[in-house]
Amino acid sequence: KMYVLAVIEDKLTTIPEFFDRQRSEVLIEQIEVKYSNKVILDVGLCICFYDFLQVGDAYIYPSEGSAIQEVKFRVVIFRPFVGGRLQIINNGSKQDINTVFNKRRSDYWEDSGINSRWI
């Protein structure tokens, strides 16, 4: 499978301006900004938020106005494998392209060798 779910635990900070909004909405927005379209070492390219597994209580520490919460959640990860295949649909026609992804590099697209004439 090229797409998998990964579990991540993180402490997220909510600034006071967002206290009037729905807590889950703010947390999802923060997760999307922090993780989407970013490569996580030894995991893969994070595509988007999937769901919450656990949301801890919000704490406001002295001298800070922001709320800090421990959150455990799942994200969709694009993790290609060596010898995998991508299917690209272009103008209604389908083309299969062999990929040469290298798992140890963080820049998957540099290793793919997909030429613009193929797309």
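**Burial, sulfur distances and strand pairing**

User: Which residues does Tyr35 touch, not counting residues up to four places away in sequence?

Analyst: Leaving aside residues up to four places away in sequence, Tyr35 touches Ile8, Asp10, Ile40, Cys46 and Phe73, contact meaning heavy atoms within 4.5 Å. This is a predicted model, in which local features need pLDDT of at least 70 and side-chain atom pairs count only at pLDDT 80 or more, while totals for chains, interfaces and linings use all residues. Residues are numbered from 1 along each chain as its sequence is written, and side-chain values use heavy atoms, with hydrogens and water left out.

User: What makes Cys46 count as buried?

Analyst: Cys46 has 0% relative accessibility, and buried means under 20% relative accessible area, exposed over 50% and partly exposed in between (1.4 Å probe, protein chains only), so Cys46 counts as buried. Cys48, at 26%, therefore counts as partly exposed.

User: How do you know whether Cys46 and Cys48 are bonded or too far for a bond?

Analyst: The closest cysteine sulfur to that of Cys46 lies in Cys48, at 7.2 Å, whereas a disulfide is a pair of cysteine sulfur atoms within 2.5 Å, so the two are too far for a bond. By this rule the count of disulfides is zero.

User: What makes Arg21 partly exposed, and what does its side chain contact?

Analyst: Arg21, in the loop between β1 (3-14) and α1 (23-35), has 26% relative accessibility and so counts as partly exposed. Its side chain makes a polar contact of 2.8 Å with the side chain of Glu29, a polar contact being a donor and acceptor pair of N or O atoms within 3.5 Å.

User: Why is β5 described as largely enclosed?

Analyst: Nine of the twelve residues of β5 are buried, so β5 is largely enclosed by the rest of the structure. Twelve bridges join β5 to β1 in the antiparallel sense, with Ala6 opposite Val75, and eight antiparallel bridges pair β5 with β3, where Phe52 stands opposite Phe73; pairing requires at least two bridges found by DSSP. Strands are DSSP runs (E) of at least two residues, and helices are runs (H or I) of at least four.
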